[in-house]
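Subject: Handover of a structure and its findings

Dear colleague,

Please find the structure below, followed by an account of what was found in it.

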Amino acid sequence: QVWEYNTENEQWKRKADFPGLPRNSGISFSVGAYGYFGCGRSTDPIEQYSDMWRFDPAANSWIRIDNFPGGKRSHLISCSTEQSGYAGLGWLSPSTFYKDFWRFDP
C-alpha cells in the first residue's frame, strides 16, 4: 500500500498500490515530481530484487523503469537532490557486501 500525507489538513489518502512483488529493505528517493522505489528482498523464502519503479503522484500510477544497474541487493542506502537520485552499498544474500554507489539521472 502507498499513502500520501497532506500536511495542510493533516490527513492520509490512499494512493495506487505498488505493483511489484511485496518486499522490505528496498531503496526510495524522489527526483522532481516523481518518487522511485525498488530493489529490496522478500522474507520467506529470501529473494532479492533489482527492479525499479517510478510513481507519478499526479496520475496516481506506477511505471516499471530500468533495473538498478548494481544488480540484485537489499539494505541499500539512498538519497536525492533536485536533479538526481543516489543509491548504493547494501548486500546480496548470503554474504556479499557492496561498497559501490550509483547516480540516477531521469
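Asn-60 touches Lys-15, Ala-16 and Phe-55, where contact means heavy atoms within 4.5 Å and residues up to four places away in sequence are not counted. This is a predicted model, in which local features need pLDDT of at least 70 and side-chain atom pairs count only at pLDDT 80 or more, while totals for chains, interfaces and linings use all residues. Residues are numbered from 1 along each chain as its sequence is written, and side-chain values use heavy atoms, with hydrogens and water left out.

Asn-60 lies in the loop between E5 and E6; helices (H or I, at least four residues) and strands (E, at least two) are DSSP runs, numbered from the N terminus. The C-alpha atoms of Asn-60 and Asp-17 are separated by 9.3 Å, although the two are 43 residues apart along the chain. Asn-60 counts as partly exposed because its relative accessibility is 30%; buried means under 20% relative accessible area, exposed over 50%, and partly exposed in between (1.4 Å probe, protein chains only).

The nonpolar cores

A nonpolar core is a set of buried Ala, Val, Leu, Ile, Met, Phe, Trp, Tyr and Cys residues joined through side-chain atoms within 4.5 Å. The largest one has 10 residues: Ile-27, Phe-29, Val-31, Tyr-36, Cys-39, Met-52, Ile-65, Phe-68, Leu-76 and Ala-87. Strand E3 gives the most to this core, with 3 residues. Apart from it lies another core, of 6 residues, including Ala-16, Trp-53, Phe-55 and Trp-62. In soluble globular proteins, nonpolar side chains tend to be buried together.

The largest pocketThe largest pocket has a volume of about 170 Å³. On a 1 Å grid over the protein atoms alone, a pocket is an open set of points where a 1.4 Å probe fits, with protein on both sides within 12 Å along at least five of seven lines; lining residues have an atom within 4 Å of a point. Grid points are joined across faces, edges and corners, and a volume is the space filled by probe spheres set on the points. The pocket is lined by 15 residues, of which Met-52, Asn-67, Phe-68, Pro-69 and Phe-104 lie nearest its centre. Strand E3 (27–31), E8 and strand E11 (101–104) are the elements that give two or more residues to this lining. By residue class, the lining divides into 11 nonpolar, 2 polar and 2 charged; here Ala, Val, Leu, Ile, Met, Phe, Trp, Tyr, Cys and Pro count as nonpolar, Asp, Glu, Lys and Arg as charged, and the others, Gly among them, as polar.

Buried polar side chains

Ser-84 is placed in the loop between strand E7 (77–80) and strand E8 (85–88), and counts as buried because its relative accessibility is 6%. Its side chain makes a polar contact of 2.3 Å with the side chain of Asp-105. A polar contact is a pair of N or O atoms within 3.5 Å; within protein, one must be able to donate a hydrogen and the other to accept it, and residues adjacent in sequence count only if both atoms are side-chain atoms. With neighbours within four places in sequence left aside, Ser-84 is also in contact with Val-31, Cys-79, Arg-103 and Phe-104, among others.

Asp-51 lies in the loop between E4 and E5 and is buried, with a relative accessible area of 10%. A polar contact of 2.8 Å joins its side chain to that of Trp-53. Leaving aside neighbours within four places in sequence, the contacts of Asp-51 include Arg-23, Arg-64 and Asn-67.

Backbone geometry

Most residues other than glycine have a negative phi, and most peptide bonds are trans. Against that background, which residues have a positive phi of about 60° although they are not glycines? They include His-75 and Leu-89. His-75 is in the loop between strand E6 (61–65) and E7, and Leu-89 in the loop between E8 and E9. The peptide bond from Asp-44 to Pro-45 is cis, with omega near 0°, and the bond from Ser-93 to Pro-94 is cis, with omega near 10°. Pro-45 lies in the loop between strand E4 (34–38) and strand E5 (52–56), whereas Pro-94 lies in the loop between strand E9 (91–92) and E10.

Yours sincerely
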